[in-house]
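What follows walks through one protein model, element by element. Please keep the sequence and the structure in view while reading.

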Amino acid sequence: MSARDTALSVLIACRKGGAWSDGALKEAIARDRLDSRDAALASRLCYGVLQNRMLLDFQLRAFVRGDLRRLQPVVLEILRLGAYQLTQLDRVPASAAVNEAVEQGKRRANARAAGLINGVLRAMARAGDALPQPADLATRYSHPTALVELLRENVGEELLEPLLASNNESPETVVQVNPLKTTERALREAWEGAGVSCTAHPWMPGCCLLRDTGRVEAMACFRAGEVLVQDAAARLAVTSMGLRPGMRVLDCCAAPGGKSFAAAMELQNQGSVFSCDIHPHKLALIEKGAQRLGITCIQALEQDAASARAEWLGQMDAVIADVPCSGLGVIRKKPDIRYKDLEAIQGLPAVQRRILGQASAYVRPGGALLYSTCTILKRENEEVVDDFLHTHPDFLPEPLALPPALAGAGQARMTLLPCLHGCDGFFLAKLRRRL
């Protein structure tokens, strides 16, 4: 199975079954047994088509007679794959992109379809820099118009286009050094010896940016539990709480466990982390991750974050409420989020308010409460926190514990943007219960 065939199968799965591209891609790469080079190409092709789908269709319309929707779905996906390689990837020869697409057309459709694919892509290759370019931001950056307007309302005109552009970039791999097993210095020496490019994260201590790794899960340091793959924004959510060894910490919506693991590292594995999720099958992921990382202070528990657990009331030193959200801060990692129905996210603030209200009941007097999301919508972030503070006078905003290299000292809440901070779009707010 070639990288292009794997990418095509994932695009079809996303269209037909509503699969999320990141999960479907991971499964397809393992199924097709791609090596690290082909896995990287398949990922780039799949994500690239999803990130640029509206733009690719706009340009394809100049070369395809009739409505694109009348094409066989598999033929349209093959055309998009070929067009993406011709217009966005400098290292792929045009002849290779066209020939592979034609062969896919023969295998997945028929000779007539292969002829159409050949003609359209060769015409696009000849057009080169003369390809039509859209004037509107929605088509240029392949974000539906309704989403563009929603983002404009939340980040403003000045940041809108930089945000849209950053959503189409390929994020670097961020890993956190596990201090329970190794040091950053030892890891960097090992990576340099293995030819892995590594730089320190610009503002998050203990995090590194990796390049040329292939699948991180296949690296020796990952198998040994020396690193945790997690974005710097998620790590910041934990470090901003100021955790100390010996504390009792509750992570309300924990799976797959990244923030629980980061909290255990902050505690130096001394104390208790109650790592909860509503789905029983996800608890095994948390337990497996903790075992790999050498963490023994985590208890993975089935618990609905919106339902009370009597024995925890007023008992926790710190509570993390990383609530379900629209995910509009991680479009660069899950490009298909941009095409989801915006109506489906209208009810999220009510769910978030319920979870935050219940989470607050577990905080002891003088304890800390963190509210976080991976979205940048004010109705899921600032408005939820403001409503909570209005109805819970026993909680007060408290400045986040931020790294010196990250601007924002003294803020009790913060919105991170990929175009400004080089991380996931993320919101965090720290609250303290009165004594």
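Buried means under 20% relative accessible area, exposed over 50%, and partly exposed in between, with a 1.4 Å probe and protein chains only. Helices (H or I, at least four residues) and strands (E, at least two) are DSSP runs, numbered from the N terminus. In a regular strand the side chains alternate between the two faces of the sheet.

The model is a predicted one, in which local features need pLDDT of at least 70 and side-chain atom pairs count only at pLDDT 80 or more, while totals for chains, interfaces and linings use all residues. Residues are numbered from 1 along each chain as its sequence is written, and side-chain values use heavy atoms, with hydrogens and water left out.

Strand 11 pairs with strand 12 in the antiparallel sense over four bridges; two strands pair if DSSP finds at least two bridges between them. In this pairing R413 stands opposite A429 in strand 12. A412 belongs to the loop between strand 10 (395-397) and strand 11 (413-416). What does A412 contact, leaving aside its neighbours within four places in sequence? The partners are P397, E398, P399, L400, L428, A429 and K430, where contact means heavy atoms within 4.5 Å. L400 is 12 residues from A412 along the chain, and the C-alpha atoms of the two are separated by 5.2 Å. With a relative accessible area of 18%, A412 is buried.

The whole structure holds four aromatic pairs; rings of Phe, Tyr and Trp (its six-membered ring) pair if their centres lie within 6.5 Å, and planes under 30 degrees apart count as stacked, over 60 as edge-to-face and the rest as tilted. One of them joins Y371 and F427, an edge-to-face pair with 6.4 Å centre to centre and 70° between the planes. Y371 lies in strand 9 (residues 363-373) and F427 in strand 12 (residues 426-433), so the pair ties together parts that are 56 residues apart in sequence. Y371 and F427 are both buried. Elsewhere, F274, W312 and Y362 form one aromatic cluster.

Is strand 9 enclosed or open to the outside? Nine of its 11 residues are buried, so strand 9 is largely enclosed by the rest of the structure. Strand 8 (residues 316-322) runs parallel to strand 9 and is joined to it by six bridges. Within this pairing A318 stands opposite A368 in strand 9.

K259 is found in helix 14 (residues 258-266) and is buried, with a relative accessible area of 11%. Not counting residues up to four places away in sequence, K259 touches Q230, A234, A237, V238, D251, I320, D322, S372 and F426. The loop between strand 5 (248-251) and helix 14 contains P256, and the peptide bond from A255 to P256 is cis, with omega near 5°.

Another sheet is open and has four strands in the order 2-3-1-4, with antiparallel pairing. Its edge strands are strand 2 (197-200) and strand 4 (227-229), each of which pairs on one side only. Strand 1 (residues 173-177) and strand 3 (residues 207-211) are joined in the antiparallel sense by four bridges, and T173 stands opposite L210 in strand 3.

Turning to the helices, the axes of helix 5 (residues 73-88) and helix 6 (residues 94-108) come within 9 Å and cross at roughly 170°. Axes are lines fitted to C-alpha atoms, for helices over the stretch in contact, and angles run from 0 to 180 degrees between N-to-C directions. Helix 5 is therefore roughly antiparallel to helix 6, a term for angles over 145 degrees. Helix 5 contributes V74, I78, L81, G82, Q85 and L86 to the contact, and helix 6 contributes A94, A97, V98, A101, Q104, G105 and R108.

Two loop residues remain. R33, between helix 2 (21-31) and helix 3 (36-51), has phi near 55°, a positive value in a residue other than glycine. S142, between helix 8 (137-140) and helix 9 (145-155), also has a positive phi, near 55°. R33 counts as exposed at 77% relative accessibility, whereas S142 is buried at 0%.

Technical notes. Angles under 35 degrees count as roughly parallel, over 145 as roughly antiparallel, 65 to 115 as roughly perpendicular and the rest as oblique.
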